[in-house]
Amino acid sequence: MKLKTFTHCIVITVITLFIATMMGGWYVYHFFQQPIQFNSDNNLFTLKRGASITQLAIQLQEQSLVKDSYLLPYIIKIHPSLRNIKSGTYQLTPNMTLEQFLKLLNSGKEVQFKVKLVEGKTAKDWLASLQNSKYVDHQLIGLSDAEIAKKLDLDMPLEGWLYPDTYNYTAGSSDLAIVKRAYQKMQTVLQTTWEERDDNLPYKNAYELLIMASIIEKETGVDSERSKVASVFINRLNNRMMLQTDPTVIYGMGDNYNGRILTKDLRDKTNLYNTYVIVGLPPTPIAMPSKASLEAAAHPAQTEYFYFVADGDGGHTFSTTYANHKKAVDLYWKKMRNSTSTH
(Lines give C-alpha, C1' and ligand atoms only; values in the text may rest on other atoms or scores of the structure.)
Protein backbone atom coordinates (compact mmCIF):
# COMPACT_ATOMS: atom_id res chain seq x y z
CA MET A 1 0.00 0.00 0.00
CA LYS A 2 2.79 2.36 0.80
CA LEU A 3 4.33 1.74 -2.62
CA LYS A 4 1.02 2.42 -4.35
CA THR A 5 0.56 5.62 -2.34
CA PHE A 6 4.06 6.78 -3.22
CA THR A 7 3.51 6.01 -6.90
CA HIS A 8 0.18 7.80 -6.80
CA CYS A 9 1.84 10.91 -5.32
CA ILE A 10 4.50 10.90 -8.02
CA VAL A 11 1.87 10.70 -10.74
CA ILE A 12 -0.08 13.58 -9.20
CA THR A 13 3.09 15.63 -8.87
CA VAL A 14 4.09 15.00 -12.49
CA ILE A 15 0.61 15.87 -13.72
CA THR A 16 0.59 19.01 -11.57
CA LEU A 17 3.98 20.09 -12.89
CA PHE A 18 2.89 19.34 -16.45
CA ILE A 19 -0.26 21.42 -16.03
CA ALA A 20 1.69 24.22 -14.36
CA THR A 21 4.23 24.17 -17.17
CA MET A 22 1.50 24.22 -19.79
CA MET A 23 -0.31 27.04 -18.04
CA GLY A 24 2.93 28.91 -17.56
CA GLY A 25 3.81 28.49 -21.24
CA TRP A 26 0.30 29.58 -22.19
CA TYR A 27 0.57 32.67 -19.99
CA VAL A 28 4.02 33.60 -21.31
CA TYR A 29 2.77 33.21 -24.88
CA HIS A 30 -0.27 35.37 -24.28
CA PHE A 31 1.78 37.91 -22.31
CA PHE A 32 4.09 38.43 -25.30
CA GLN A 33 1.20 38.42 -27.77
CA GLN A 34 -0.78 41.13 -26.02
CA PRO A 35 -1.16 44.21 -28.23
CA ILE A 36 0.56 47.48 -27.46
CA GLN A 37 -2.08 50.04 -26.47
CA PHE A 38 -1.47 52.12 -29.56
CA ASN A 39 -3.10 55.47 -30.31
CA SER A 40 -2.27 58.52 -32.38
CA ASP A 41 -0.82 60.33 -29.35
CA ASN A 42 1.72 57.64 -28.47
CA ASN A 43 2.81 56.35 -31.87
CA LEU A 44 6.44 57.07 -30.96
CA PHE A 45 8.27 55.42 -28.09
CA THR A 46 11.60 56.74 -26.80
CA LEU A 47 13.84 54.52 -24.69
CA LYS A 48 16.48 56.49 -22.80
CA ARG A 49 20.14 55.62 -23.09
CA GLY A 50 21.21 52.93 -20.62
CA ALA A 51 17.66 51.86 -19.72
CA SER A 52 17.33 48.33 -18.30
CA ILE A 53 14.52 45.82 -18.77
CA THR A 54 13.18 46.84 -15.36
CA GLN A 55 13.21 50.51 -16.35
CA LEU A 56 11.50 49.60 -19.61
CA ALA A 57 8.78 47.78 -17.66
CA ILE A 58 8.23 50.88 -15.50
CA GLN A 59 8.01 53.10 -18.57
CA LEU A 60 5.49 50.76 -20.22
CA GLN A 61 3.40 50.86 -17.05
CA GLU A 62 3.59 54.66 -16.73
CA GLN A 63 2.51 55.11 -20.35
CA SER A 64 -0.21 52.44 -20.03
CA LEU A 65 1.13 50.61 -23.07
CA VAL A 66 1.13 47.06 -21.68
CA LYS A 67 -0.83 45.15 -19.03
CA ASP A 68 1.10 43.55 -16.14
CA SER A 69 4.33 45.07 -17.44
CA TYR A 70 5.89 44.64 -13.97
CA LEU A 71 6.25 40.93 -14.85
CA LEU A 72 8.46 41.73 -17.85
CA PRO A 73 11.85 41.32 -16.08
CA TYR A 74 10.85 37.87 -14.81
CA ILE A 75 9.39 36.62 -18.07
CA ILE A 76 12.35 37.97 -20.07
CA LYS A 77 14.48 35.40 -18.22
CA ILE A 78 12.60 32.74 -20.15
CA HIS A 79 13.41 34.58 -23.42
CA PRO A 80 16.87 36.08 -22.83
CA SER A 81 17.27 36.79 -26.56
CA LEU A 82 14.88 39.74 -26.08
CA ARG A 83 16.85 41.48 -23.34
CA ASN A 84 19.33 43.33 -25.60
CA ILE A 85 17.19 46.45 -25.92
CA LYS A 86 18.74 49.56 -27.48
CA SER A 87 18.00 53.21 -26.74
CA GLY A 88 16.34 55.38 -29.34
CA THR A 89 12.98 56.49 -30.68
CA TYR A 90 10.82 53.82 -32.30
CA GLN A 91 7.64 53.81 -34.37
CA LEU A 92 4.70 51.97 -32.81
CA THR A 93 2.16 50.53 -35.24
CA PRO A 94 -1.46 49.40 -34.85
CA ASN A 95 -1.81 45.76 -33.73
CA MET A 96 1.86 45.55 -32.73
CA THR A 97 2.38 42.88 -30.07
CA LEU A 98 4.69 43.15 -27.09
CA GLU A 99 6.94 40.52 -28.67
CA GLN A 100 7.18 42.52 -31.91
CA PHE A 101 7.83 45.65 -29.87
CA LEU A 102 10.68 43.99 -27.96
CA LYS A 103 12.19 42.63 -31.17
CA LEU A 104 12.08 46.18 -32.58
CA LEU A 105 13.92 47.53 -29.52
CA ASN A 106 16.47 44.74 -29.91
CA SER A 107 17.00 45.56 -33.60
CA GLY A 108 17.83 49.20 -32.93
CA LYS A 109 15.92 50.24 -36.05
CA GLU A 110 14.85 53.70 -34.98
CA VAL A 111 12.17 55.71 -36.77
CA GLN A 112 13.59 57.92 -39.51
CA PHE A 113 12.55 61.54 -39.84
CA LYS A 114 13.11 63.65 -42.95
CA VAL A 115 13.94 67.25 -43.73
CA LYS A 116 13.94 68.44 -47.34
CA LEU A 117 16.43 71.15 -48.18
CA VAL A 118 15.13 72.64 -51.42
CA GLU A 119 17.27 73.85 -54.32
CA GLY A 120 17.11 77.57 -54.97
CA LYS A 121 16.55 78.42 -51.32
CA THR A 122 19.07 80.41 -49.30
CA ALA A 123 21.03 79.41 -46.23
CA LYS A 124 18.63 81.55 -44.19
CA ASP A 125 15.68 79.59 -45.58
CA TRP A 126 17.33 76.26 -44.87
CA LEU A 127 18.23 77.09 -41.30
CA ALA A 128 14.62 78.12 -40.73
CA SER A 129 13.46 74.74 -42.07
CA LEU A 130 15.81 72.94 -39.72
CA GLN A 131 14.65 75.08 -36.81
CA ASN A 132 11.06 73.96 -37.50
CA SER A 133 11.98 70.27 -37.83
CA LYS A 134 10.76 67.96 -35.06
CA TYR A 135 12.98 65.79 -32.87
CA VAL A 136 16.12 67.74 -33.79
CA ASP A 137 18.69 68.82 -31.23
CA HIS A 138 18.89 72.52 -32.08
CA GLN A 139 22.47 73.74 -31.66
CA LEU A 140 22.51 76.45 -34.34
CA ILE A 141 19.69 78.70 -33.16
CA GLY A 142 20.97 82.22 -32.60
CA LEU A 143 24.22 81.66 -34.50
CA SER A 144 25.11 83.81 -37.49
CA ASP A 145 25.96 82.32 -40.88
CA ALA A 146 29.60 83.18 -40.22
CA GLU A 147 29.56 81.32 -36.90
CA ILE A 148 27.97 78.28 -38.53
CA ALA A 149 30.52 78.38 -41.36
CA LYS A 150 33.27 78.38 -38.73
CA LYS A 151 31.82 75.21 -37.18
CA LEU A 152 32.15 73.62 -40.63
CA ASP A 153 35.76 74.83 -40.94
CA LEU A 154 34.55 76.87 -43.91
CA ASP A 155 36.55 80.07 -44.39
CA MET A 156 33.95 81.75 -46.60
CA PRO A 157 30.21 82.55 -46.43
CA LEU A 158 27.84 79.61 -45.93
CA GLU A 159 25.65 80.52 -48.90
CA GLY A 160 25.73 77.98 -51.73
CA TRP A 161 27.66 75.35 -49.80
CA LEU A 162 24.78 73.10 -48.69
CA TYR A 163 23.62 70.42 -51.11
CA PRO A 164 19.87 70.32 -51.83
CA ASP A 165 18.47 66.92 -50.89
CA THR A 166 16.17 65.08 -48.50
CA TYR A 167 18.08 64.17 -45.35
CA ASN A 168 16.99 61.36 -43.05
CA TYR A 169 17.79 61.58 -39.36
CA THR A 170 16.90 59.89 -36.09
CA ALA A 171 15.42 61.64 -33.07
CA GLY A 172 18.01 63.64 -31.18
CA SER A 173 20.23 64.27 -34.21
CA SER A 174 21.64 67.78 -34.17
CA ASP A 175 20.93 70.39 -36.82
CA LEU A 176 24.70 70.88 -37.01
CA ALA A 177 25.15 67.21 -37.97
CA ILE A 178 22.58 67.58 -40.78
CA VAL A 179 24.22 70.79 -42.03
CA LYS A 180 27.62 69.05 -42.00
CA ARG A 181 26.23 66.25 -44.16
CA ALA A 182 24.81 68.78 -46.63
CA TYR A 183 28.12 70.67 -46.72
CA GLN A 184 30.21 67.53 -47.22
CA LYS A 185 27.94 66.37 -50.04
CA MET A 186 28.18 69.73 -51.81
CA GLN A 187 31.97 69.63 -51.47
CA THR A 188 32.06 66.21 -53.10
CA VAL A 189 29.63 67.02 -55.93
CA LEU A 190 31.24 70.39 -56.65
CA GLN A 191 34.75 68.92 -56.78
CA THR A 192 33.66 66.20 -59.21
CA THR A 193 31.79 68.72 -61.36
CA TRP A 194 34.79 71.04 -61.39
CA GLU A 195 37.18 68.28 -62.44
CA GLU A 196 34.85 67.21 -65.28
CA ARG A 197 34.02 70.74 -66.53
CA ASP A 198 34.38 71.83 -70.15
CA ASP A 199 37.60 73.51 -71.24
CA ASN A 200 38.02 77.27 -71.59
CA LEU A 201 35.34 78.36 -69.14
CA PRO A 202 35.84 81.81 -67.54
CA TYR A 203 36.05 80.53 -63.95
CA LYS A 204 39.14 81.00 -61.82
CA ASN A 205 38.14 78.21 -59.43
CA ALA A 206 35.35 75.85 -58.38
CA TYR A 207 33.83 78.52 -56.15
CA GLU A 208 33.10 80.72 -59.17
CA LEU A 209 31.39 77.76 -60.83
CA LEU A 210 29.28 77.41 -57.66
CA ILE A 211 28.33 81.11 -57.88
CA MET A 212 27.31 80.71 -61.51
CA ALA A 213 25.27 77.59 -60.72
CA SER A 214 23.35 79.49 -58.04
CA ILE A 215 22.43 82.21 -60.56
CA ILE A 216 21.27 79.62 -63.10
CA GLU A 217 19.19 77.98 -60.36
CA LYS A 218 17.37 81.23 -59.64
CA GLU A 219 16.87 82.13 -63.30
CA THR A 220 15.06 78.98 -64.45
CA GLY A 221 13.41 75.87 -63.09
CA VAL A 222 13.17 74.31 -66.57
CA ASP A 223 15.84 71.63 -66.89
CA SER A 224 16.04 71.89 -70.67
CA GLU A 225 16.87 75.61 -70.41
CA ARG A 226 19.64 75.51 -67.84
CA SER A 227 22.51 75.00 -70.27
CA LYS A 228 21.20 77.78 -72.54
CA VAL A 229 20.89 80.16 -69.57
CA ALA A 230 24.46 79.22 -68.67
CA SER A 231 25.58 79.97 -72.23
CA VAL A 232 24.15 83.50 -72.03
CA PHE A 233 26.12 84.28 -68.87
CA ILE A 234 29.29 82.61 -70.19
CA ASN A 235 29.06 84.64 -73.42
CA ARG A 236 28.61 87.82 -71.38
CA LEU A 237 31.57 87.03 -69.12
CA ASN A 238 33.76 86.27 -72.12
CA ASN A 239 32.83 89.62 -73.67
CA ARG A 240 33.27 91.64 -70.46
CA MET A 241 29.55 92.43 -70.40
CA MET A 242 27.62 92.85 -67.17
CA LEU A 243 25.46 89.86 -66.30
CA GLN A 244 22.41 92.04 -65.58
CA THR A 245 20.45 89.36 -63.74
CA ASP A 246 17.65 90.36 -61.37
CA PRO A 247 18.06 87.50 -58.84
CA THR A 248 21.48 88.80 -57.80
CA VAL A 249 20.06 92.28 -57.24
CA ILE A 250 17.21 90.85 -55.16
CA TYR A 251 19.65 88.83 -53.06
CA GLY A 252 21.74 91.91 -52.36
CA MET A 253 18.65 93.89 -51.36
CA GLY A 254 17.90 91.37 -48.61
CA ASP A 255 14.95 92.33 -46.44
CA ASN A 256 14.53 95.58 -48.40
CA TYR A 257 13.12 93.65 -51.33
CA ASN A 258 9.31 93.92 -51.35
CA GLY A 259 8.52 92.12 -54.58
CA ARG A 260 9.54 94.90 -56.95
CA ILE A 261 12.82 96.13 -58.41
CA LEU A 262 12.88 99.86 -59.15
CA THR A 263 15.22 101.77 -61.46
CA LYS A 264 17.06 103.14 -58.44
CA ASP A 265 17.73 99.58 -57.30
CA LEU A 266 19.37 98.76 -60.63
CA ARG A 267 21.61 101.82 -60.23
CA ASP A 268 22.55 101.16 -56.62
CA LYS A 269 26.34 100.85 -56.47
CA THR A 270 26.30 100.01 -52.76
CA ASN A 271 24.65 96.67 -53.56
CA LEU A 272 27.63 94.34 -54.07
CA TYR A 273 25.36 91.87 -55.86
CA ASN A 274 24.01 94.41 -58.36
CA THR A 275 25.11 92.85 -61.65
CA TYR A 276 23.72 95.89 -63.48
CA VAL A 277 26.65 97.97 -62.19
CA ILE A 278 29.40 95.39 -61.54
CA VAL A 279 31.30 93.45 -64.17
CA GLY A 280 31.67 89.75 -63.57
CA LEU A 281 30.22 87.46 -60.92
CA PRO A 282 28.81 88.61 -57.58
CA PRO A 283 30.99 87.95 -54.52
CA THR A 284 29.16 84.80 -53.33
CA PRO A 285 26.47 82.37 -54.45
CA ILE A 286 22.91 83.68 -54.07
CA ALA A 287 21.23 80.33 -53.30
CA MET A 288 21.84 76.60 -52.97
CA PRO A 289 22.15 75.22 -56.52
CA SER A 290 20.98 71.78 -57.63
CA LYS A 291 23.21 69.27 -59.37
CA ALA A 292 21.44 70.15 -62.64
CA SER A 293 22.51 73.78 -62.29
CA LEU A 294 26.07 72.78 -61.36
CA GLU A 295 26.19 70.62 -64.49
CA ALA A 296 24.85 73.48 -66.61
CA ALA A 297 27.51 75.84 -65.26
CA ALA A 298 30.18 73.23 -66.03
CA HIS A 299 28.80 72.28 -69.44
CA PRO A 300 27.01 75.31 -70.97
CA ALA A 301 25.42 75.01 -74.38
CA GLN A 302 27.43 76.36 -77.30
CA THR A 303 25.30 79.31 -78.43
CA GLU A 304 25.58 82.91 -79.53
CA TYR A 305 22.85 84.05 -77.14
CA PHE A 306 23.44 87.17 -75.08
CA TYR A 307 19.88 87.77 -73.84
CA PHE A 308 16.84 85.98 -72.52
CA VAL A 309 13.48 86.99 -71.12
CA ALA A 310 10.45 85.13 -69.77
CA ASP A 311 8.06 84.05 -72.50
CA GLY A 312 4.94 84.14 -70.33
CA ASP A 313 4.43 80.38 -70.61
CA GLY A 314 6.90 79.21 -67.99
CA GLY A 315 10.01 79.30 -70.16
CA HIS A 316 12.25 81.89 -71.77
CA THR A 317 12.94 83.41 -75.17
CA PHE A 318 16.65 83.59 -76.07
CA SER A 319 18.12 86.20 -78.40
CA THR A 320 21.46 86.91 -80.02
CA THR A 321 20.90 90.65 -80.52
CA TYR A 322 19.48 93.40 -78.36
CA ALA A 323 16.94 94.28 -81.07
CA ASN A 324 15.49 90.78 -81.01
CA HIS A 325 15.62 90.77 -77.25
CA LYS A 326 13.62 94.00 -77.11
CA LYS A 327 10.95 92.44 -79.35
CA ALA A 328 10.79 89.42 -77.01
CA VAL A 329 10.42 91.74 -74.01
CA ASP A 330 7.59 93.66 -75.74
CA LEU A 331 5.84 90.39 -76.58
CA TYR A 332 6.15 89.25 -72.98
CA TRP A 333 4.54 92.42 -71.63
CA LYS A 334 1.79 92.20 -74.25
CA LYS A 335 0.99 88.68 -73.05
CA MET A 336 0.96 89.88 -69.46
CA ARG A 337 -1.44 92.73 -70.26
CA ASN A 338 -3.77 90.41 -72.20
CA SER A 339 -3.67 87.90 -69.38
CA THR A 340 -4.55 90.58 -66.82
CA SER A 341 -7.41 91.96 -68.90
CA THR A 342 -9.04 88.52 -69.23
CA HIS A 343 -9.19 87.94 -65.46
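**Rings, helices and burial**

Guide: One aromatic cluster is formed by Phe233, Tyr305, Phe308 and Phe318. This is a predicted model, in which local features need pLDDT of at least 70, side-chain atom pairs count only at pLDDT 80 or more, and totals for chains, interfaces and linings use all residues. Residues are numbered from 1 along each chain as its sequence is written, and side-chain values use heavy atoms, with hydrogens and water left out.

Visitor: How many aromatic pairs does the structure hold?

Guide: There are 12 aromatic pairs. Rings of Phe, Tyr and Trp (its six-membered ring) pair if their centres lie within 6.5 Å; planes under 30 degrees apart count as stacked, over 60 as edge-to-face and the rest as tilted.

Visitor: What makes the pair of Phe113 and Tyr135 stacked?

Guide: The centres lie 4.6 Å apart with 20° between the planes, and stacked asks for under 30 degrees. Phe113 sits in strand S3 (residues 113-117) and Tyr135 in the loop between helix H5 (123-131) and strand S4 (136-137), so the pair links distant parts of the chain, 22 residues apart.

Visitor: Why is Phe113 called buried, and why is Tyr135 called partly exposed?

Guide: Buried means under 20% relative accessible area, exposed over 50%, and partly exposed in between (1.4 Å probe, protein chains only). Phe113 has 14%, so it counts as buried; Tyr135 has 42%, so it counts as partly exposed.

Visitor: Why is the pair of Tyr251 and Tyr273 edge-to-face?

Guide: The ring centres are 5.0 Å apart and the planes stand at 65°, so the pair is edge-to-face. Tyr251 is partly exposed at 25%, while Tyr273 is buried at 14%.

Visitor: How do you know that His325 is buried?

Guide: The relative accessible area of His325 is 13%, so it counts as buried. Leaving aside neighbours within four places in sequence, His325 is in contact (heavy atoms within 4.5 Å) with Tyr307, Phe308, Val309 and Ser319.

Visitor: What makes H9 oblique to H12?

Guide: Helix H9 (residues 226-238) and helix H12 (residues 291-298) pack at about 45°, with axes 8 Å apart. That angle makes H9 oblique to H12, because angles under 35 degrees count as roughly parallel, over 145 as roughly antiparallel, 65 to 115 as roughly perpendicular and the rest as oblique.

Visitor: Which residues of H9 and H12 meet?

Guide: Arg226, Ser227 and Ala230 in H9 meet Ala292, Ser293, Ala296 and Ala297 in H12.

Terms used: Axes are lines fitted to C-alpha atoms, for helices over the stretch in contact, and angles run from 0 to 180 degrees between N-to-C directions. Helices (H or I, at least four residues) and strands (E, at least two) are DSSP runs, numbered from the N terminus.
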